[in-house]
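Have a go at each task before reading the solution.

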Amino acid sequence: WIKWEIEKRQKRHDYRKALIASWKAKLVVAEFHSPEGRSGFGSSPEYASLRSHMTQETIEKFEAPRTFYVGGGRGEDVRKQMLLDEVSRLEKYWGLS
């Protein structure tokens, strides 16, 4: 019984690490400067799996139509930074960082 519980936790841990890695890989190459780029990422399987773990506030900000973000600070791509922050939050929450 104990061995089964340990294996279950290890599988969940490995699954979550794989999710984090796939989200980061997709976000590295994603372009958000154009509506096509945003919709391309927004319709990807990676976004679909990430969205279910995101805060409602971040979902609303990312999916808001006709919203203009001014870059600066950590980079020109505010949407990308927003999603990377969300991935980092999940990584920390799940105890993977």
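This is a predicted model: local features need pLDDT of at least 70, side-chain atom pairs count only at pLDDT 80 or more; totals for chains, interfaces and linings use all residues.

Residues are numbered from 1 along each chain as its sequence is written, and side-chain values use heavy atoms, with hydrogens and water left out.

**Exercise 1. Check the span of helix α1 and find its buried residues.**

Step 1: α1 covers residues 2-29, which gives 28 residues. Helices here are DSSP runs of H or I with at least four residues, numbered from the N terminus.

Step 2: From first C-alpha to last, α1 reaches 42 Å, close to the 40 Å expected at 1.5 Å a residue. That expected span is 1.5 Å times one less than the number of residues.

Step 3: Leu19, Ile20, Trp23 and Leu27 are the buried residues of α1. Buried means under 20% relative accessible area, exposed over 50%, and partly exposed in between, with a 1.4 Å probe and protein chains only.

Step 4: Asp14 also sits in α1, but at 40% relative accessibility it counts as partly exposed. Its C-alpha is 9.7 Å from that of Leu96, 82 residues apart along the chain.

**Exercise 2. Describe how α1 packs against helix α5.**

Step 1: Two packed helices are described by the angle between their axes and the distance between the axes.

Step 2: The axes of α1 and α5 (residues 78-93) come within 11 Å and cross at roughly 165°. Axes are lines fitted to C-alpha atoms over the stretch in contact, with angles from 0 to 180 degrees between N-to-C directions.

Step 3: That angle makes α1 roughly antiparallel to α5, a label for angles over 145 degrees.

Step 4: On the α1 side, the contact (heavy atoms within 4.5 Å) is made by Ile20, Trp23, Lys24, Leu27 and Val28. α5 brings Lys80, Leu83, Leu84, Val87, Leu90 and Glu91.

Step 5: Zoom in on Lys80, which is buried, with a relative accessible area of 14%. Leaving out residues up to four places away in sequence, Lys80 touches Leu27, Val28, Ala30 and Phe32.

**Exercise 3. Work out where the buried residues of helix α4 lie around its axis.**

Step 1: In α4 (residues 56-63), the buried residues are Thr58, Ile59 and Phe62.

Step 2: They cover an arc of only 100° around the axis, so they lie on the same side of α4. The arc is taken from the directions from the helix axis to the C-beta atoms.

Step 3: Thr58 has 9% relative accessibility and touches Met82 and Glu86, not counting residues up to four places away in sequence.

Key: Helices (H or I, at least four residues) and strands (E, at least two) are DSSP runs, numbered from the N terminus. Angles under 35 degrees count as roughly parallel, over 145 as roughly antiparallel, 65 to 115 as roughly perpendicular and the rest as oblique.
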